[in-house]
Amino acid sequence: MKPDIVDAGISAARARTAHYDAVIVGAGFAGIYTLYKLRSLGLSALVFEAGAGVGGTWFWNRYPGARCDVESFEYQFGFLDDLQRDWNWTERYSGQAEIMRYMDYVVDKLDLRRDMRFETKVVSAVYDESTRRWMIETNRNDRVSARYCIMATGCLSAAQVPNIPGLDDFAGEWFHTGAWPHREVDFSGKRVAVVGTGSSGVQAIPVIAETAAQLTVFQRTPNFSLPAFNRPLDGREVEEAKGHFAEDRKRAGLAANGALYPTNDVGVQEVPRERVYAELEKRWGSGGFGFLTTFGDIITDTTSNDIVADFVRAKIRAVIHDPEVADLLTPVDHPLGTKRICLDTGYFETFNKPHVKLVDVRRSPIERITPTGILAGAEEYGVDIIVFATGFDAMTGSLSRIDIRGRDGLELREKWEAGPRTYLGICSAGFPNFFMMTGPGSPSVLTNVVVSIEQHVDWLAECISFLESRNLTAIEALPEAEDAWVEHANEVAFKTLLPKANSWYLGANIPGKPRIFMPYAGGLGVYRAKCDEVALNGYSGFSLA
Ligand code: FAD
Ligand code: NAP
């Protein structure tokens with residue numbers, strides 16, 4: 001349907017309100033596929049995107065070393081065979097620039113750009129019960145009304161710069177990995193500080209160390225990291241992978257993690273220890289997250305986890321020359337895999353270089369940034385560039401930065417004050433026709449996220465078709481269904497070791513954020529079946545009007 005433009009007669013800047021069937025916020029993987037899907041249903045849809053282009057995560061995270069840690073063949077769209085057939089990945093794990101090229105290619109091939117507005121941030125979304133429409137406003141004074149409001153705002157898109165006194169007076173340059181400038185940052189001859197050793201820091205540190213004159217890494221918590229063993233792909237294997245893509249994709253969609261890692265139901269303690277080590281060694285040598293599924297109980301059994309974690313600790317220690325540095329880099333405060341595990345290329349080896357220094361922020365907390373460096377533990381480290389690899393206000397941050405109001409003026413921020421509450425991680429009671437792609441309470445970040453995004457968008461499209469075909473104008477999660485889902489999601493999480501770490505999955509990285517385990521830990525395959533069942537039962541757990 002073509003959008004209508006109606007003169008609302010407000011101010012010159014807001015003279016016109018555009019009416020669409022759907023507004024989509026965000027132009028990453030989720031926003032792109034949602035627009036394609038809704039268009040194919042014949043709906044008019046408009047995307048607002050804060051960035052100057054498509055790509056989401058890959059638009060913003062241009063730091064040195066940024067690349068995916070799910071293999072390229074799997075970390076791509078699967079909904080249209082042409083897309084994968086006509087695209088040739090060049091590395092086992094694609095770099096940021098290649099993923100950006102891919103996303104531009106998809107958007108152009110599907111002619112999606114004409115319904116996208118860039119450099120436009122949605123500031124509010126308010127539901128009008130009398131018209132059953134959402135009114136969406138942007139920082140450019142757009143006013144758009146829509147029957148469906150779809151948040152494709154990303155789980156990891158609200159970059160978090162720590163509140164350290166003195167930053168404003170720093171005379172050098174500073175950057176956050178998640179809001180990296182669109183120009184080359186030249187580290188050569190510079191004294192560089194990196195704060196943070198999660199996946200972003202672990203990727204950036206070895207690359208920055210290649211050119212920086214001096215690199216000081218400020219580490220609060222050492223992280224487990226596995227070798228990626230990235231490599232170029234040859235034409236033959238690319239063609240071969242294309243040949244069984246559809247089949248692979250189906251399998252990934254039913255797997256717990258949305259990916260094709262080989263699994264094994266056997267527990268660590270059921271097997272003689274020499275065989276355990278042999279299996280671990282084999283998976284370690286293959287590189288990638290498949291290591292975590294070497295045995296079936298690594299994420300659920302403390303003793304099994306300890307055995308495997310010790311294996312990884314020994315690998316870390318074997319690489320680092322200085323035993324004191326090895327101590328600092330060896331994770332001991334959380335079970336393996338309970339914080340998002342990192343994949344690296346030469347991370348630990350970097351600390352053997354004479355110009356790389358590690359500062360333990362727990363022992364020597366950062367007191368302040370001075371005009372010329374970082375003051376930690378009474379010592380000033382002189383630096384020219386600071387890189388904050390300090391992560392994100394994950395899963396809820398991009399939503400809580402928008403003023404979202406549902407029925408009776410209910411504020412999402414207020415409703416979620418004690419933690420996010422959703423039904424299936426897609427909808428929230430009190431917010432009719434409001435959908436979150438990979439929202440809190442869905443498997444999202446515990447999986448290959450692109451596969452989870454496709455599952456959500458497909459479900460959403462089915463749901464909207466159902467409503468349209470029956471002339472229904474509103475769908476809303478029932479509070480009792482939401483309560484049951486929140487309880488179920490919690491129960492599932494606590495059957496694993498995942499809540500045992502102070503991770504961003506729990507909001508532990510953001511001062512004052514309530515600690516709720518946010519992603520759904522029951523596995524994507526199980527979750528998909530639950531979502532399908534809800535749809536099959538005429539959207540059980542929802543009220544329809
Ligand atoms: P995003 O890509 O985050 O896109 C959301 C978009 O919404 C952003 O462009 C943002 O600007 C926009 N937006 C937000 N709020 C507003 C607003 N108010 N107004 C307008 N626009 C707004 N996952 C994996 O499965 N495998 C990986 O290898 C992997 N690597 C990653 C590497 C990095 C560096 C990071 C940070 C994350 C990685 N992830 C990975 C997770 C990644 O976020 C997802 O894979 C996926 O890209 C998310 O897509 P999305 O469309 O849901 O969200
Ligand atoms: P992160 O995992 O949250 O890591 C942030 C790091 O900064 C942690 O080491 C954290 O320490 C530290 N930190 C935060 N605030 C600090 C402070 N005030 N002082 C000192 N240190 C501080 O963030 P991320 O590395 O950006 O990764 C986020 C997620 O994005 C990943 O888990 C992953 O899902 C995704 N990602 C994937 C890839 C990939 O390989 N494809 C790359 C980057 C990101 P604590 O641990 O003590 O909190």
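How much area is buried between domain 1 and domain 2, and what share of that area do carbon and sulfur atoms give? In this predicted model, local features need pLDDT of at least 70 and side-chain atom pairs count only at pLDDT 80 or more, while totals for chains, interfaces and linings use all residues. Residues are numbered from 1 along each chain as its sequence is written, and side-chain values use heavy atoms, with hydrogens and water left out.

The domain assignment, which is an automatic or database one, gives domain 1 as 4–157 + 394–544 and domain 2 as 193–234 + 253–388. Their centres, taken over C-alpha atoms, lie 30 Å apart, and the contact (heavy atoms within 4.5 Å) takes 33 residues from domain 1 and 37 residues from domain 2. The buried area, meaning the accessible area (1.4 Å probe) that two parts lose on being put together, summed over both, is about 2,800 Å², with 55% given by carbon and sulfur atoms. On the domain 1 side, D69, R92 and L497 supply 25% of the area buried against domain 2, more than any other three residues.

Between the two domains the count is 1 salt bridge, a term for a side-chain nitrogen of Lys or Arg within 4 Å of a carboxyl oxygen of Asp or Glu. R340 forms a salt bridge with D69, and their closest N and O atoms are 2.6 Å apart.

Turning to helix packing, helix 14 (residues 449–469) and helix 16 (residues 524–536) pack at an angle of about 5 degrees, their axes being 11 Å apart. Helix 14 is therefore roughly parallel to helix 16, a description used for angles under 35 degrees. Residues of helix 14 including V451, H456 and W459 meet residues of helix 16, among them L524, Y527 and R528.

Conventions:
Chains lettered and ligands numbered in written order. Axes fitted to C-alpha atoms, helices over the stretch in contact; angles between N-to-C directions. Helix = DSSP H or I, 4+ residues; strand = E, 2+ residues; numbered from the N terminus. Parallel < 35°, antiparallel > 145°, perpendicular 65-115°, else oblique.
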